[in-house]
Amino acid sequence: MTQILDWQPEPGEVVEFRLTTDRAPVPHHVPASHFQRAHLRLAAAHRAAGRRQSPWVAMVFDLAGRADLDALTDAWQGLARRHEAFHTWYEPETENLTGFRLPADSLTVRPVRVGGLTSAGDLRAYLHRRIDEQTTASRPGLLAGVIRRDTASTVYFAIDHAYTDGHSLALLFDEIRARYHAACGGASVDLAPAPGYLDYNRRELERSASLTAAAPELAAWSQFLAAGDGGFPGFPVELGKDANKLLTGTRLQYPVLTGAQARAFRAYCGRHGGGFGAGAFAALALAQWEFTGNDVYRVLTAVSTRAYPRLLHVHGWLVNLVPLLFRLPAPPTLAGAIAAAQQGFQSARAGYDVPLHRALELLLEGGDAPTIPPMASYVDGRTAPGSRDYLRADATVLTGPDNASGVSLWFNWFPDRADLVVNMPDTPEAATGVPKYLDRVREIMLTASAGKG
């Protein structure tokens, strides 16, 4: 995960793959999900205020040699027709986020040569501008292209975050490469129709409408909020006097464990009653106690809402934030905390289908979630489609320049390493305190991976 401002692309010939149709979009009547509504309305508010923002996510990866444009065109057209996310959308400038769709079989992709860009800075600036333009002013709000070179070509893709998540990007990486290589060899790819995200939105609406403040499904949320006197957890170090407001963010990336160390850490966690994720949360909690004396750990954590096998093929934003709460044992140790963290995560995970925004609407007087909720996410990316090729293909998730009102953490476990990505307010206090805290978290995990602690 890299901010686009930190990306250093090698120059080459830029070609865009533009989606066209001879049909007019028609309205559909499936409401946006809770996360989509919050995201699209925040983005619209930024635009109305004249603030540049980048509410998209992107992926870049390499193909060997000079990319075959006909094969890539065929690959993008097949993918765009297969997935609902590329031909349905919500219009953010309408009061009720009116939904629209295009007939999938009307979509055509054509390559458009932009030309050669001879410096990394010019290329990055061009793509940043084009991504911002296409993911906000154009619908369905996506941009795809390739930077062609003789030795390796870099495929790039960006879409409004409202229609994608990390799992979806992994699906895209795998499917585009499969379609491309098949087309290069003159073969076809026989893929079953993929379910769409609109059916998921419909089910979420029905589910959330049935909830009440007294529903047992909200018990974990009630306990989480009560533990903080009705509020959300702060961070264990000072972030700056204005950190409760939405500020310019900055991003750090920490290499935490090598592949071998990550496997050893997982084995250590297993001996003490939990998995890798529980161990990471336990390390965060133990470091918090060392910094603040607080032995109750609370955080929002991201979970997938792809609860059924058929949802694994959906391209969309199928993610929720759930309340993780546990107390460290006395005396606090990592070994003792892992089982508590595991139990806390399992309790939080049980409410995967209780939408964050609906829970807060029912339980908080104001009913509002933080603009960007601070959270800690753990993802085991080793089993994602094509994950063993990430390093060889230099696969990278790009984001726009960050905003932050708190600290968000992403623990990612890949075949070759486990790392930690951090988004935090760009303040002197955060720049001083957050690395100290995370260095301690890493030290705790490294000690455990060595069989100590």
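Which residues of helix 9 are buried? The close-ups below take this up in turn. This is a predicted model, where local features need pLDDT of at least 70, side-chain atom pairs count only at pLDDT 80 or more, and totals for chains, interfaces and linings use all residues. Residues are numbered from 1 along each chain as its sequence is written, and side-chain values use heavy atoms, with hydrogens and water left out.

**View 1. Helix 9 spans residues 334-349.** Helices (H or I, at least four residues) and strands (E, at least two) are DSSP runs, numbered from the N terminus. The buried residues here (under 20% relative accessible area, 1.4 Å probe, protein chains only) are Leu334, Ala335, Ala337, Ile338, Ala341, Gln342, Gly344 and Ala348. They pack against helix 7, helix 8, strand 12 and helix 11, with contact meaning heavy atoms within 4.5 Å. At the start of helix 9, a side-chain oxygen of Thr333 comes to within 3.0 Å of the backbone nitrogen of Gly336.

**View 2. Helix 2 (residues 69-82) is mostly covered.** Of its 14 residues, 10 are buried, including Leu69, Trp76 and Arg82. Among the partners of these buried residues are strand 2, strand 4 and helix 4. Look at the start of helix 2 too: a side-chain oxygen of Asp68 reaches to within 3.0 Å of the backbone nitrogen of Asp70.

**View 3. His87 sits in the loop between helix 2 and strand 5.** His87 is buried, with a relative accessible area of 7%. A polar atom of the His87 side chain lies 3.2 Å from the backbone oxygen of His83. Leaving aside neighbours within four places in sequence, His87 is in contact with residues including Ala80, Phe100 and Pro140.

Note on methods. Buried means under 20% relative accessible area, exposed over 50%, partly exposed in between (1.4 Å probe, protein chains only). A polar contact is a pair of N or O atoms within 3.5 Å; within protein, one must be able to donate a hydrogen and the other to accept it, and residues adjacent in sequence count only if both atoms are side-chain atoms. The expected span of a helix is 1.5 Å times one less than its number of residues.
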